[in-house]
Amino acid sequence: MLLVALLLSASQAVAQPPDPTGWQVVLQKQLEFRVNDCQTAFVGLVTEYRNPQDSHEFVRVYRQQIALVSGCAKEINVGAVRDSESVVSVFNYRQKKEREALGLVQKATDVFAVVCWKTAEDSRSGQMILAGPVQSWLLDQTGSWMFSDGQEMVIRPFSEPFIPDTEQRVPVGLQFALGDATRAVRIDQEYLVFPKGKNKEKGNGK
Amino acid sequence: MGSKWLAVLLCAAFLVPVAVSGGEKKKKNSETGVAIPADTPEGFLQRYGVFINDKERKAFKKLQTDMERQQFITDFWVRRDTDPNTPENECKDRIDERLDEIANDRFASIPGLGFGINGGFRGDMAKAYMLYGAPSDLSVISGERLFVDLMLWTYADSEDGGTAYAFLFYQPSGSGSLKLFPTELYRSNLCGAVNEILRSKRQDYSSFFGGGQCPREVDAAYRQLVTTIPRTGNAPSGAFIWALQNVSRDTFLTQAQALGPPLPASEVAHRLAFRISGESPEHAAVAGVEYLMSACAQCNSGIPIRCLLGSEFVLQVRRSDIDWQVTGTQAKSVLRVRVVLENLDNNSVRTSFGGEISFTNTKENITDHGEILMGVVFLKAEDLQTLPTGRYRASIYLRNAVSNKYASWVETITRP
């Protein structure tokens with residue numbers, strides 16, 4: 001019971017991030033990274049909103065989803081897809097499959113990082129520039145929001161030793177850090193499929 | 001069927017048609033038009049015959065009603081659609097466009113080369129055109145008195161500009177319809193191939209098959225072919241010689257394969273086995289199994305969890321924060337964990353451990369007492385003793401095998 005109390009108190013430590021419901025979506029893109037030549041990992045969504053009441057105020061929301069890897073299960077024989085239209089057609093089918101799978105997992109996502117900022121016009125250049133500190137929120141693994149007023153959220157790709165061959169590293173995710181708090185959106189190496197025989201050729205299979 | 005064949009089989013939509021001399025599209029009229037079966041269920045097998053494989057043809061013939069036939073045709077084209085993301089069927093549209101061009105006898109303005117006078121819709125030219133569209137280059141070479149006129153269609157590879165496919169047409173007896181040159185018969189017999197195009201061909205060419213001395217008249221025709229400049233088109237004479245024995249730079253590809261029904265685009269995509277990994281197993285319905293999906297605020301894809309390093313290394317999670325698979329009154333869940341510990345004071349000390357932990361419980365316990373914390377001991381006290389004291393960076397990844405929801409983070413912990 002003591003642990004339960006600890007959990008609850010931690011989650012109440014920081015104010016919740018702003019909720020941009022009703023704001024204008026100005027940008028939406030997949031949170032994705034390339035694993036190798038034929039596999040792409042989809043780990044979430046990034047959406048940027050503008051306050052309809054104040055066009056200089058923006059919020060970027062990062063959402064985590066159940067991670068998916070899209071790619072070929074076997075190496076494409078270059079000779080098998082020799083003409084551009086064949087390549088385009090195969091790509092079209094892949095895109096459809098991806099869209100269907102992403103549509104399913106993105107029905108329910110978790111907001112895990114929020115960045116809020118304001119812009120103002122630079123009187124000298126006439127360009128829009130950042131006005132004031134950036135506010136950032138990061139949800140840690142316990143479910144507590146970490147907050148920073150002015151500290152930049154650091155996002156960087158990370159890799160880990162490839163399980164069949166620990167000498168080799170494979171990109172597996174993106175790590176978000178805000179102060180001491182970190183959170184990663186990532187894939188499982190189990191999702192990665194390598195061309196037949198490749199795993200056997202490498203490492204000791206441990 | 002080899003993988004190299006896949007490309008050829010893909011919905012016949014190979015190359016962007018380029019302008020071919022005399023390619024001005026004409027209005028269809030009764031004098032110059034080529035008769036083509038209508039786009040109706042009754043005309044389906046005839047109109048699209050070159051695209052239909054034997055299995056499909058047999059299946060179609062067994063259909064009893066118009067409704068069944070229409071459904072078959074709809075499915076037939078859906079499988080061949082080269083872009084399933086659009087409402088149009090680009091494959092059918094492209095084929096119908098080619099059929100229109102044949103119907104309007106696209107090459108009629110080039111003397112002797114119209115579809116209408118070369119077998120019409122059933123001719124070899126029409127077949128190649130239906131499958132591959134307009135050639136990148138159409139060249140004609142005249143053999144004068146020695147060999148018959150030859151027409152070469154080449155299709156350029158859009159990647160490197162090289163010749164991807166080539167179809168050579170000739171008049172076997174020096175007159176009549178243009179037919180495809182039978183490259184398969186002469187794959188390793190150039191002498192026989194040249195003999196085949198002679199105006200006065202020797203019937204006993206097989207006697208010099210296999211490396212024997214070529215007869216003088218065949219040799220003379222070969223030398224003339226090498227030096228003759230095509231009267232139409234841009235293909236070098238060497239391309240004609242090459243096309244006597246080849247249909248593609250893929251030397252394993254036969255002419256019959258190149259002109260066989262293309263594999264549907266959806267099947268090519270399937271064979272190349274593009275797939276999505278990581279989809280939640282919950283989406284695959286299993287009879288008699290239900291799922292208790294956690295309902296906490298951040299549990300659509302994540303798992304709120306805590307890691308503690310004291311006398312033991314422990315992960316703690318609330319019952320209701322993970323997903324369960326329920327059969328009857330029993331619930332089970334499986335967590336897969338991988339932890340990498342790196343000693344921050346001594347970089348050489350690094351250890352990783354992982355595994356799978358199964359939990360079982362009753363459905364009632366989970367729904368009524370979801371707040372209870374579950375602890376998972378990963379490193380027992382005795383195992384921890386093997387780790388030097390100090391600060392560690394722990395990279396932790398935990399995934400629920402029932403739903404693929406996960407938690408992943410890095411934190412610094414101290415081993416006292």
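This is a predicted model: local features need pLDDT of at least 70, side-chain atom pairs count only at pLDDT 80 or more; totals for chains, interfaces and linings use all residues.
Let me start with the overall picture of chain B, which contains 13 helices and 14 strands. If we take the contacts in chain B with a separation of 6 or more, residues 24 or more positions apart account for 65% of them.

Now to the charges, where a search of the whole structure finds 27 salt bridges over all chains. One of them joins B:Lys92 to B:Asp39, with the closest N and O atoms 2.7 Å apart. Because B:Lys92 sits in helix α5 of chain B while B:Asp39 belongs to the loop between α1 and α2, this pair ties together parts that are 53 residues apart in sequence. B:Lys92 is buried, at a relative accessible area of 16%, whereas B:Asp39, at 42%, is partly exposed.

Helix α5, which covers residues 90–103, also holds B:Asp100, a residue that is partly exposed at 39% relative accessibility. On the surface, B:Asp100 gathers with B:Glu88, B:Asp93 and B:Glu97 in a patch of negative charge.

A second salt bridge links B:Asp219 and B:Arg223, whose closest N and O atoms are 3.6 Å apart; these two residues are four apart in helix α8, and so about one helical turn separates them.

B:Asp345 counts as exposed, at 52%, and B:Arg391 as partly exposed, at 40%.

There is also a network, in which salt bridges that share partners join A:Asp188, A:Glu190, B:Arg336, B:Glu356 and B:Arg399. Within chain A, A:Asp188 lies in the loop between β9 and α3, and it is buried, with a relative accessible area of 10%. Setting aside its neighbours within four places in sequence, A:Asp188 is in contact with B:Tyr397 and B:Arg399.

To finish, consider A:Ser123, in the loop between β4 and β5 of chain A, which is exposed at 74% relative accessible area. Its C-alpha atom is separated by 32 Å from that of A:Ala113, ten residues apart along the chain.

Technical notes:
Residues are numbered from 1 along each chain as its sequence is written. Chains are lettered from A and ligands numbered from 1 in the order in which they are written. Side-chain values use heavy atoms; hydrogens and water are left out. Patches are made of residues with over 30% relative accessible area and no salt bridge: like charges are joined within 9 Å, nonpolar side chains (Val, Leu, Ile, Met, Phe, Trp, Tyr) within 5 Å. Accessible areas come from the Shrake-Rupley method with a 1.4 Å probe; for residues, only the protein chains shown count as cover. A salt bridge is a side-chain nitrogen of Lys or Arg within 4 Å of a carboxyl oxygen of Asp or Glu. Lys and Arg count as positive and Asp and Glu as negative; His and the chain ends are not counted. The place of a charge is taken as NZ of Lys, CZ of Arg, CG of Asp or CD of Glu. Buried means under 20% relative accessible area, exposed over 50%, partly exposed in between (1.4 Å probe, protein chains only). Contact means heavy atoms within 4.5 Å.
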